[in-house]
Amino acid sequence: MFVDAGQEITDAIAEAQQPKSLTLSECGEIFCLLDAVDYFWAIQWKWRWKWDKHKRKRYAFRNTKVRGLGVTLYLHKEVLKRSGKRKPTKEHKIGDHRDGDSLNNQRGNLRWATLSMNNANRPFARGERGRFC
């Protein structure tokens, strides 16, 4: 049988470019999306999810210790740091999800934002109906 190595390589590249699902809950019903390069990095740790302060969105996080102190690391901010995207100014402190989906942690969906940029990215600011009216 003839094997088309070029097609196998093309298929492997296409598979690698597909988003990967990282499970955040014990029974697997809550997950986030990551690019393959970040997925294989993230699976080193146990990531969980928690609500934002308004209980509208879920965020992937993990707890760890830095110099003996407990800290919470948010996956979307860690992905931004890994991607090499620099904060344009000191005011760009927020890791923003362009599409508003807090569990879509693919690099192309993340940017550093100011508070006003982040607020403008909310469904009501864009004139859309929110899921949580």
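Let me start with Lys-55, which counts as exposed at 57% relative accessibility, where exposed means over 50% relative accessible area, buried means under 20%, and partly exposed is in between, with a 1.4 Å probe and protein chains only. Lys-55 sits in the loop between strand E3 (48–51) and strand E4 (58–66), and its phi is near 55°, a positive value in a residue other than glycine. Helices (H or I, at least four residues) and strands (E, at least two) are DSSP runs here, numbered from the N terminus.

Please keep in mind that this is a predicted model, in which local features need pLDDT of at least 70 and side-chain atom pairs count only at pLDDT 80 or more, while totals for chains, interfaces and linings use all residues. Residues are numbered from 1 along each chain as its sequence is written, and side-chain values use heavy atoms, with hydrogens and water left out.

Arg-67 also has a positive phi, near 50°, and is a residue other than glycine; Arg-67 lies in the loop between E4 and strand E5 (69–74), and counts as exposed at 81% relative accessibility.

If we leave aside neighbours within four places in sequence, Leu-22 is in contact (heavy atoms within 4.5 Å) with residues including Phe-31, Tyr-39, Ile-43 and Leu-75. Leu-75 is also one of the buried residues of H3, along with His-76, Glu-78, Val-79 and Leu-80, and H3 is followed by Gly-84, whose phi is positive, near 85°.

What about the cysteines? Cys-32 is buried, at 0% relative accessibility, whereas Cys-27 is exposed, with a relative accessible area of 66%. Taking a disulfide as a pair of cysteine sulfur atoms within 2.5 Å, the count comes to 0.

Finally, a word on confidence: pLDDT, the predictor's confidence in each residue from 0 to 100, averages 86 over the protein chain, with 81% of the residues scoring at least 70. Over residues 125–133 pLDDT stays under 50, and the model has 12 contacts beyond four places in sequence for them. Where pLDDT is low, the predicted coordinates should not be read in detail.
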